[in-house]
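Let's take a walk through this structure together, with an eye on how its parts meet. Have the sequence and the 3D view open as you read.

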Amino acid sequence: MLRQLADVVAEPLSIIFERSWRTGVVPKDWRKANVTPIFKKDNKEDLGSYRPVSLSSILGKVMHQLILVDTIKQVEEKKVIRSSQHGFTKGKSCLTNLITFYNGMTGWVDEGRAMDVVYLDFSKAFDTVSHNILLGKLRKCGLNEWSVRWTENWLNSRAQRVFMSRV
């Protein structure tokens, strides 16, 4: 529907997005999400056979994407992220991290160097990052205060509920 009405809604939405960004106020509907379990595989009786899917406002997602694009642009311009960073970095992944690690280790083995390796899995690390620490680091890096404030308000005011449909 938004695509079909793009000519009509583009200007009012741009005003709403701009005002939200400048004031840091995140509309209430953008902060709500319905979480629903989606069956993956195996036994329907096993709760581990379901994955949670969060359904939230399309306009909130669009605004969040705009803030994300702005933040990524600033982070790249200010060279905040080192080249060794693989997670949450475009074009890099766990696989590229492992390949880089493997190449480094095999090079040292070829040189006859001794080494000890401890490899940790931080796959859920972002889930436990303190919002205050994250926001402080964004500010310390000199990111745009409007984007940081909007992100802070979005992070600290989200709400979700589990929605179960009867089949």
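To speak of how two helices pack, we need an axis for each: here an axis is a line fitted to the C-alpha atoms over the stretch in contact, and the angle between two axes is taken between their N-to-C directions, from 0 to 180 degrees. Please keep in mind that this is a predicted model.

With that in hand, turn to helices α1 and α5. They pack at an angle of about 90°, and their axes are 7 Å apart. Angles of 65 to 115 degrees count as roughly perpendicular, so α1 and α5 are roughly perpendicular to each other. On the α1 side, the residues that take part are S20, W21, R22 and T23, and they meet W146, S147, R149 and W150 of α5. Sorted by class, this contact of α1 with α5 has three nonpolar, three polar and two charged residues.

Next, have a look at the aromatic rings. Searching the whole structure turns up three aromatic pairs. In one of them, the ring centres of F17 and W30 are 5.6 Å apart with planes at 65°, so this pair is edge-to-face. F17 belongs to helix α1 (residues 6-23), while W30 sits in the loop between α1 and β1 (32-39), so the pair ties together parts that are 13 residues apart in sequence. F17 is buried, its relative accessible area being 12%, and W30 is buried too, at 9%.

Another pair brings us back to the two helices. W21 and W146 are also edge-to-face, at 4.9 Å centre to centre and with 75° between the planes. Because W21 lies in α1 and W146 in α5 (residues 145-156), this pair ties together parts that are 125 residues apart in sequence. W21 counts as buried at 17% relative accessibility, whereas W146, at 31%, counts as partly exposed.

R113 lies over the face of W108, 4.6 Å from the ring centre, and R158 lies over the face of W154, at 4.7 Å.

Finally, let's visit two loops, where the backbone deserves a glance. D42 is not a glycine, yet it has a positive phi of about 65°. D42 is found in the loop between β1 and β2 (50-56), and at 66% relative accessibility it counts as exposed. K79, likewise a residue other than glycine, has a positive phi near 50°. Its place is in the loop between α2 (58-77) and α3 (94-110), and K79 counts as exposed, at 70% relative accessibility.

Definitions and conventions:
Residues numbered from 1 in each chain as written. Predicted model: local features only at pLDDT ≥ 70, side-chain atom pairs only at ≥ 80, totals over all residues. Heavy atoms only, no water. Phe/Tyr/Trp six-rings, centres within 6.5 Å; stacked < 30°, edge-to-face > 60°. Helix = DSSP H or I, 4+ residues; strand = E, 2+ residues; numbered from the N terminus. Buried < 20%, exposed > 50% of the residue type's maximum accessible area, 1.4 Å probe, protein only. Lys NZ or Arg CZ within 6 Å of the ring centre and 35° of its normal. Parallel < 35°, antiparallel > 145°, perpendicular 65-115°, else oblique. Contact = heavy atoms within 4.5 Å. Nonpolar A, V, L, I, M, F, W, Y, C, P; charged D, E, K, R; others polar.
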